[in-house]
Amino acid sequence: MSVLSAKENFGLVEKMDISKPNGQRPFSAAQGLKKDSSYKLNGKQEHIHCSQKQNLGPAHRTDNHSSTERQDENKENKGKDKSKKATACWSLDDFDIGKPLGKGKFGNVYLAREKKSKYIVALKVLFKSQLEKNNVEHQLRREIEIQSHLRHPHILRLFGYFYDKTRVYLILEYAPKGELYKTLSSEERFDEPTSSNYIRQLAQALKYCHSLKVIHRDIKPENLLLGLKGDLKIADFGWSVHAPSSRRTTLCGTLDYLPPEMIEGKAHDEKVDLWSLGVLCYEFLVGKPPFEADGHHETYRKISRVDLRFPSYVSDGARDLISKLLMHDPSKRLPLSGVLAHPWIRNNAHTLETLHPPTDSSHAATKLHMNKNNVNVLCK
């Protein structure tokens with residue numbers, strides 16, 4: 001989103017309080033992360049780690065091509081004072097805080113503007129007390145580890161993160177049209193061209209993730225956002241996992257979207273995302289998930305039996321695609337390449353633009369590399 005197009009809707013609020021989960025009292029940016037490189041927690045001195053600053057803007061929304069230069073610069077400055085290194089980290093002082101975009105269980109999201117570039121972002125503020133209370137610190141670490149490495153037009157960009165004693169801040173790409181779930185709720189259901197276009201975009205994003213051995217595991221309307229032009233973006237990687245060589249056994253995700261292998265306690269792999277894609281396609285067209293029932297037990301039963309029934313208005317092409325994705329045997333599910341080549345997708349989706357993943361050899365040509373050292377103290 002360009003700066004000019006965002007200015008009218010920025011709604012700058014100089015005295016918005018983000019220092020408490022639901023507070024509304026005025027605050028100063030000085031209350032955010034200070035330039036000091038350490039703080040005390042539980043009687044111990046903890047070193048603050050945060051993502052290194054990068055320029056924000058359209059020219060920097062793919063991989064960071066200056067990483068090698070920064071590494072060389074870091075080597076030259078290795079013996080310099082540590083306080084100077086702290087200035088290379090993001091802090092709340094770097095942003096103007098705008099209107100609230102949404103509230104969640106663990107914190108809030110605000111519209112924000114990076115002061116130097118005037119670039120518009122979404123600042124997600126999470127409260128450590130809530131993360132610790134619900135024992136989800138590991139999910140946040142994993143979300144940052146994974147999402148910060150991903151570069152795709154249909155995946156929400158995570159530009160960086162920083163944190164202080166009580167809060168964790170995620171610097172995210174701003175999706176002006178908001179949650180897909182709200183759009184679906186207001187329209188009740190989508191027509192076939194719209195549904196097909198969203199499924200195509202999501203299949204492209206998942207194909208990219210799977211090529212990097214990333215399994216999302218929680219595809220649903222609530223985790224999808226819409227960009228300025230209405231393009232779909234995967235926004236939540238809290239349940240995602242990087243599994244290059246192993247099958248997983250964790251029960252995770254949302255009940256209506258759980259595949260049979262998960263509810264039956266079996267190991268699973270990236271094919272769980274194929275099942276979720278089928279469920280999502282059905283919900284787009286019908287307005288509710290295919291296995292929705294009065295109670296959890298009945299939902300589990302319908303999923304296990306693949307008790308799939310279509311309203312009369314769903315076309316034969318859509319039924320064929322959904323049925324091929326909602327197969328009890330994961331190995332028989334239609335692969336993502338088959339989804340993109342399916343006649344219902346090709347005949348109904350909008351113009352099939354070719355999406356090229358990043359060509360930077362340090363990212364696209366290599367497998368996803370997880371560096372946990374930068375985030376292993378994030379939630380302490």
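Tutor: A quick word before we start: UniProt annotations may be inferred rather than shown by experiment. Keep in mind too that this is a predicted model.

Student: Which residues does UniProt place under the feature "binding site"?

Tutor: The unreviewed UniProt entry gives Lys105, Lys124, Glu173, Tyr174, Ala175, Glu222, Asn223 and Asp236. Of these residues, Lys105, Lys124, Glu173, Tyr174, Ala175, Glu222, Asn223 and Asp236 are included in the lining of the second largest pocket.

Student: Where does Tyr174 lie?

Tutor: Tyr174 is in the loop that runs between β7 (167-173) and β8 (178-179).

Student: Let's turn to helices. How should I read a packed pair?

Tutor: Two packed helices are described by the angle between their axes and the distance between the axes. Take helix α9 (residues 272-286) and helix α11 (residues 316-325): their axes are 8 Å apart, at an angle of about 150°. Angles over 145 degrees count as roughly antiparallel, so α9 is roughly antiparallel to α11. Their crossing is left-handed.

Student: Which residues of α9 and α11 meet?

Tutor: From α9 come Leu274, Trp275, Leu277, Gly278, Cys281, Tyr282 and Leu285, and from α11 come Ala318, Ile322 and Leu325. By class, this contact has 9 nonpolar residues, 1 polar and no charged ones.

Student: What about α7 and α9: at what angle do their axes cross?

Tutor: Helix α7 (residues 192-211) crosses α9 at roughly 165°, and the axes come within 10 Å. The two are therefore roughly antiparallel to each other, and their crossing is right-handed. Among the residues in contact are Tyr198, Ile199 and Leu202 of α7, with Leu280, Cys281 and Phe284 of α9. This contact divides into 10 nonpolar, 2 polar and 2 charged residues.

Methods
Residues numbered from 1 in each chain as written. Predicted model: local features only at pLDDT ≥ 70, side-chain atom pairs only at ≥ 80, totals over all residues. Heavy atoms only, no water. Axes fitted to C-alpha atoms, helices over the stretch in contact; angles between N-to-C directions. Helix = DSSP H or I, 4+ residues; strand = E, 2+ residues; numbered from the N terminus. Parallel < 35°, antiparallel > 145°, perpendicular 65-115°, else oblique. Left-handed = near helix turned anticlockwise from the far one by under 90°. Contact = heavy atoms within 4.5 Å. Nonpolar A, V, L, I, M, F, W, Y, C, P; charged D, E, K, R; others polar. 1 Å grid on protein atoms, 1.4 Å probe; cavity = no way out; pocket = protein on both sides within 12 Å on 5 of 7 lines; lining within 4 Å.
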